[in-house]
Amino acid sequence: MSEEIEEGAAAEALAEVPRATKAELDLAFEELYRTHLRDVYSYSYYRVGNHHDAEDLTEQAFLQAYRHFERARRESHGRPLRPWLIRIAHNLAANHHRDKARRPTAALDAVEPPVHPHGTERVAEGRAELRAVIERLDDLSEDRREALIMRFALGMSNREIARALGRTDGATKVLIHRAIKQLEELLADE
Amino acid sequence: MSEGVGLNLERLLTDALRPVDPPADLVGRVETRLSSIAEQAAAELSSWADELSEGELEALRDPRNWVRPVAAVAVGGAAAGALVVVGMRRRGRPGSLRERAERLLRELGPPQG
């Protein structure tokens, strides 16, 4: 509720403000960049499973974000832009996986050690149950897995996740509930 | 499934999916990449402008021929702006892409119907 009031007030304030100058936009983008670099990087990392590709995706996400920033800011009506940023990263990650699937297997790829999509270096040093959670995440559908990454890695609210995934708040709540339930069942079967 | 299990799983998920700090050199890499894009666009615009003959300059007064320079300015402008954003602060430097583009458009004069 307070978020709605906050967003409403912000939207009203924005409506009264004339179009931002280039310098104002740059400052606003700088703020966005500094605030959400870790979010975009974390999201990318959990989607692609390695630092190298996560860095590329993060770079691309911020390049795209900059190109469309003015419009996104105008159309957000004062709402937070994190869901929009994560949606850009989401689309880039989807393209990344699609390109990877299309690419013929090269000899070099064959000798590379397999990289777990969420198989982080740090998990290897963690507890077995954490590793089990990470591994079972792979068995979820893409949208359920993504919703859990947004919720737990980025700490996004249902509303933010809904905006990032282009769903309603209700559908997102159900999606997360089902994702957790399925994960519980998968872990219980082990 | 008890609620306790659900809460425990949420705790495990919070532990398993901890936020990941980006490498320290990521910002530098972004700067390099943006810089490269800006320089490429600037070079494209500059060489293209240098090669123009009188006839081509005349043709440029027709807005239908503006696609190439406008695209170069747009790409370079976005990248140059992003450079500012990530801290390079190159705006105001003599001969920046935006200044060159603006100067070129001034030299070309207003379109003639």
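Predicted model: local features only at pLDDT ≥ 70, side-chain atom pairs only at ≥ 80, totals over all residues.
**View 1. The crossing of helices α9(A) and α10(A).** In chain A, helix α9, which covers residues 142–153, and helix α10, which covers residues 158–165, have axes that come within 10 Å and cross at roughly 135 degrees. Because angles over 145 degrees count as roughly antiparallel and those from 65 to 115 as roughly perpendicular, α9(A) is oblique to α10(A). The crossing of these two helices is right-handed. On the side of α9(A), the contact is made by Asp143(A), Glu146(A), Ala147(A), Met150(A) and Arg151(A), while α10(A) contributes Ile161(A), Ala164(A) and Leu165(A). Sorted by class, the residues of this contact are 5 nonpolar and 3 charged, with no polar ones.

**View 2. The contact between chain B and chain A.** Chain A brings 30 residues to this contact, and chain B brings 25 residues. On the side of chain B, the elements that give two or more residues are α1 (3–16), α2 (26–50) and α4 (67–85), and of these α1(B) gives the most, with 8 residues. The side of chain B that touches chain A has 18 nonpolar, 3 polar and 4 charged residues.

**View 3. The largest nonpolar core.** This core has 46 residues, and those with the most contacts inside it are Tyr43(A), Ala61(A), Leu85(A), Ala89(A), Ile149(A) and Met150(A). Two or more residues come from each of α2 (22–48), α3 (51–67), α5 (82–102), α8 (128–137), α9, α10 and α11 (169–188) of chain A, and also from α1 of chain B. The element that gives the most to this core is α2(A), with 9 residues. In soluble globular proteins, nonpolar side chains tend to be buried together.

Terms used
Residues numbered from 1 in each chain as written. Chains lettered and ligands numbered in written order. Axes fitted to C-alpha atoms, helices over the stretch in contact; angles between N-to-C directions. Helix = DSSP H or I, 4+ residues; strand = E, 2+ residues; numbered from the N terminus. Parallel < 35°, antiparallel > 145°, perpendicular 65-115°, else oblique. Left-handed = near helix turned anticlockwise from the far one by under 90°. Contact = placed C-beta atoms within 7 Å. Nonpolar A, V, L, I, M, F, W, Y, C, P; charged D, E, K, R; others polar. Core = buried A, V, L, I, M, F, W, Y, C linked by C-beta atoms within 7 Å. Buried ≥ 20, exposed ≤ 12 C-beta atoms within 10 Å, placed from the backbone.
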